[in-house]
Amino acid sequence: RWPRLMVLLAGARSAGAVALRRAPRGGVLRWATSMGPSAHCKRLVLVRHGEVDLTEFDGRKAFYGGKDVPLSARGRAEAQAAADLLLKEEAIDIMWSSPLSRALYGARCIAEAQGIAGDSITLHDSFREVDRGAWVGKTAEEVGAAEIEAWNRDPNYDMPGGGESLAAVAKRVLAAKDQLLEKSPWGSTTALVSHMWVTRSILAEALGYDTINDTSKLHTIDLPTASISVLEYSRTDGPKVLYTGLKPVAEESVGDSWGS
């Protein structure tokens, strides 16, 4: 990886260090990076897992949340596509992952592509997906639009069956994110492979949303399966979102944003 790092360092001298690229999916323009973070920044690459196998739910788009649902064949292809895209865009130094198998598969794909030992991936239980409680196995139609809207807007919604509210998810996720950043050296790039609501919580905080008292905007952050979002944390400024929801194109796949 050293020759590649030297190229990235040399690129820091050029004025075109940050470029506007076209996302592979749908012609949406987003900011993307062409060099690593400066010595005064920590870069965090957030990757959502690929499409899951819904066979357990008879192929219905049911809520699964923190249940350990495996990836589909398309989801595995999407995870590899994300790893391939990151190999071109980012030099990853450190890998973290949710302990759920659908996220860990993607983390291992990225680690292998980047030359990182698979046994060095840090698993953190607080990066697992939201617990959907009694909603697990039910479709949105079965749960009802009013209940889903109440869950999205009420940060302390009492989820049936012992599930989590969005505020509860944000509290554990953001605490774990702080631990991740504390263990990431300045000038490094860390990748975290996790889930839709985990990634939304981290992005929402960086965008200035109140993730504890007003969760109404979280569901507006579009994160397709296997999508990539990148943030930077500096010594002096607040977090900066470089881009969100960059969808890699897997062979014979366009994917969708359904999940949890």
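Analyst: Accessible areas here come from the Shrake-Rupley method with a 1.4 Å probe. By that method the chain exposes about 11700 Å², and carbon and sulfur atoms supply 53% of this area. The model is a predicted one. Its chain has 260 residues, of which 52% are buried, and it contains seven helices and eight strands. Among contacts with a separation of 6 or more, 72% join residues 24 or more positions apart.

Now the core itself. The largest nonpolar core has 33 residues, and Phe 127, Trp 135, Trp 151, Leu 192 and Ile 202 have the most contacts inside it. At least two residues of this core come from each of strand 3 (41–48), helix 5 (145–153), helix 6 (166–182), helix 7 and strand 7. Helix 6 gives the most, with eight residues.

Another core lies apart from the largest one; it has 24 residues, including Leu 85, Leu 104, Ile 121 and Ala 191.

Leu 85 is also one of the buried residues of helix 2, along with Gly 75, Glu 78 and Leu 86, among others. Helix 2 (residues 73–89) has 17 residues and reaches 25 Å from its first C-alpha to its last, close to the 24 Å expected.

Methods:
Residues numbered from 1 in each chain as written. Predicted model: local features only at pLDDT ≥ 70, side-chain atom pairs only at ≥ 80, totals over all residues. Heavy atoms only, no water. Helix = DSSP H or I, 4+ residues; strand = E, 2+ residues; numbered from the N terminus. Buried < 20%, exposed > 50% of the residue type's maximum accessible area, 1.4 Å probe, protein only. Contact = heavy atoms within 4.5 Å. Expected span 1.5 Å × (residues − 1). Core = buried A, V, L, I, M, F, W, Y, C linked by side-chain atoms within 4.5 Å.
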